[in-house]
Amino acid sequence: MNKKLTGIAGLVVVAAIIGAANLILSNLPLRVDMTGEKLYTLSKGSKAVLGKLENDVTLKFYYSSSSAEMPMQLKTYAQQVQNLLKEYELAGNGHVALEAYDPKPDSDAEEWAQRYGVEPQNVTPFGQPVYFGLVAVCGDREETLPRFSPRTESTLEYDVTRLVTRVGWDEQRPVIGVMTSLPGVLGQPPNPMMQMQRRQQPQGWASFMELKKDYDVREIPTTAESIDEDVKALVVLHAKDLSEKTLFAIDQFVVRGGRLIACVDAFSAMDMISQRQQQNPMMMQMGGPDGPSTLGKLFDAWGVSFDTQKVVADLASATKLNAGNGRAEENPAFLSLGAKNVDKTDLLVSGLTQLVFPFAGAFSFTQKDGLKFEPLVTTSADSACLVDRQNVQFGMGAMRRELKPDGVRRTLAARLSGTFRTAFPKGPDWKEGSTNAVPKVVAEGDKGSVVLFADSDFLADDFCVQVMNTLFGPIAQPWNDNLVLFSNVIEQYAGREELIGVRSRGPSNRPFAKVDALEAKAMAKWQAKQEEFEKELEETQQRLMSLQKQKTGNERLLLSKEQQEEIAKLRRTQADTRRQLKNVRKELTGDIDRLGLTLKVINICLVPLLVIGFGILRGLKRRRR
């Protein structure tokens with residue numbers, strides 16, 4: 001009896017020790033992030049922002065944790081968000097406080113959530129709304145993230161850090177100038193008549209609408225003869241046929257230290273669409289007046305070459321597009337780029353894993369004294385080439401003859417930095433009729449920086465976001481890293497540089513790479529068999545037509561013996577092909593099932609086997625002693 005009491009007392013003491021240890025350790029700053037994507041680790045940019053905070057910021061996390069209407073997917077993601085917010089509190093050095101609220105129906109928490117602008121989400125038609133958002137408060141300043149979504153997981157940390165910077169510092173909004181020949185970029189309609197018909201101004205490109213949240217975005221006409229002194233960064237987006245006076249204005253802006261983001265294009269799909277919408281059907285068939293854009297003399301002065309008649313094609317980065325008639329084809333001029341195509345040592349692009357550059361051109365550089373050319377985004381080295389811009393719009397059929405990789409890695413985006421010298425040492429050709437006086441030429445300035453993109457369409461909504469219409473207006477959901485890239489550049493050139501490395505985070509749902517590889521292998525087999533069958537079918541049809549042509553008169557209505565044999569052969573081939581395709585599916589299912597069984601055996605049996613092995617080794621060791 002005493003032994004039993006002693007044993008029970010020992011168990012109680014052990015449990016108390018374990019509980020006390022858990023309580024103590026939970027309050028210690030001992031944290032290890034074991035996730036492959038470092039989902040719970042703040043980047044250097046976020047830590048730099050939090051380290052410079054001088055005012056106290058309160059993060060109010062509104063999440064309907066007790067609601068039965070909350071989907072399981074959102075519950076899982078909410079736990080991840082809350083864990084990340086705790087990291088902000090720990091890294092804030094006492095300047096960041098986290099408060100969690102459960103906005104139950106008709107509660108004070110729900111009322112405050114609605115006041116702050118946290119968006120109620122109706123996940124079921126007749127159920128109670130749920131809340132999942134964040135509010136940052138600092139004194140009388142407050143900013144809100146109306147809703148979190150797993151779809152925007154890649155920008156989660158940036159969204160929170162930007163929220164903190166908005167309320168943590170009382171700074172004047174930097175001015176971003178935008179010069180473009182494309183309509184609708186900043187929200188203006190293509191023409192006044194369309195504006196009258198719609199009775200409202202249409203939404204601009206999401207990439208620039210997002211900028212308006214943090215910057216004063218100002219339109220600069222393509223005929224400008226000077227750039228305002230308060231413009232901190234200038235975005236030149238497919239500005240065509242710029243006059244010498246406008247080029248001189250951009251030149252002087254760069255020479256005096258202004259930051260330039262130049263997006264030139266050899267073939268702009270958005271320009272083509274815009275031009276054709278304003279033409280009659282006959283003009284649409286002729287191709288329209290859409291043309292390339294370049295910076296001409298400025299590129300020459302900087303040692304940059306840009307061929308306005310050539311578009312990059314990369315077989316290793318081809319994108320599957322709809323070719324019409326229910327067909328899909330791989331288009332190597334529509335580039336889908338990954339981590340292997342970016343400079344992993346540069347903060348602007350190091351965290352990017354998925355970029356889409358439709359019909360981009362290419363830069364090359366001739367060494368100029370005082371300037372440094374750094375490629376940021378490139379094609380592959382062994383499968384890229386240049387094709388004529390006129391053939392791009394007609395698909396693979398027109399480009400196929402030019403698809404001959406030459407072993408050259410093309411530069412799609414680059415940074416040009418150093419000491420810029422003017423391309424107009426004697427000034428521009430300033431003719432009569434100018435609204436401004438002849439300006440003084442600044443021949444050389446301090447060190448500056450320019451970012452060059454050989455494409456402009458990558459910022460258009462069609463190629464970077466999916467716009468969802470909701471009760472609260474259209475919401476743009478990014479489906480690649482194009483906006484992340486653009487935002488990184490803007491942050492470095494016009495915003496707080498600490499935010500550069502905060503942008504892209506890996507997904508928490510990691511793909512089954514092995515299963516994907518098995519499916520890709522099976523799909524390749526499937527397509528090979530399908531193409532083989534289609535080729536056999538085409539040959540049989542040609543033989544049937546040849547036999548039919550040999551007949552005369554009433555014989556054309558009857559099947560000859562040769563035709564009957566060909567049809568029978570075709571049916572046998574069809575049945576054999578279907579059987580082979582079915583076998584391919586079985587092989588795929590079998591491979592996946594075997595992989596799943598192997599993983600189950602490892603997960604279920606490995607730990608017990610390790611424990612048994614450890615016990616055997618320990619027993620043998622004690623026995624030897």
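In this predicted model, K240 counts as buried because its relative accessible area is 15%, a value under the 20% limit. The side chain of K240 meets that of D271 in a salt bridge, with 2.9 Å from N to O. This pair links distant parts of the chain, since K240 lies in the loop between β8 (231-237) and α8 (244-255), whereas D271 belongs to helix α9 (residues 269-277), 31 residues apart. D271 is likewise buried, with a relative accessible area of 1%.

A search of the whole structure finds 18 salt bridges, and the table sets out three of them.

| Pair | N to O distance |
|---|---|
| K240 and D271 | 2.9 Å |
| E374 and K372 | 3.8 Å |
| R218 and D216 | 3.9 Å |

In the pair formed by R218 and D216, R218 is partly exposed at 22% relative accessibility, and D216 is partly exposed at 33%. E374, which pairs with K372, is partly exposed with a relative accessible area of 22%. Salt bridges also link E143, R162, R166, E210, K213 and D214 in a network.

Turning to helix packing, the axes of helix α3 (residues 72-91) and helix α5 (residues 156-168) come within 11 Å and cross at roughly 45°, which makes α3 oblique to α5. The crossing of α3 past α5 is right-handed.

L609 is placed in helix α17 (residues 561-624), and L609 counts as exposed because its relative accessibility is 55%, which is over the 50% limit.

How values were computed: Residues numbered from 1 in each chain as written. Predicted model: local features only at pLDDT ≥ 70, side-chain atom pairs only at ≥ 80, totals over all residues. Heavy atoms only, no water. Helix = DSSP H or I, 4+ residues; strand = E, 2+ residues; numbered from the N terminus. Buried < 20%, exposed > 50% of the residue type's maximum accessible area, 1.4 Å probe, protein only. Axes fitted to C-alpha atoms, helices over the stretch in contact; angles between N-to-C directions. Parallel < 35°, antiparallel > 145°, perpendicular 65-115°, else oblique. Left-handed = near helix turned anticlockwise from the far one by under 90°. Salt bridge = Lys/Arg side-chain N within 4 Å of Asp/Glu carboxyl O.
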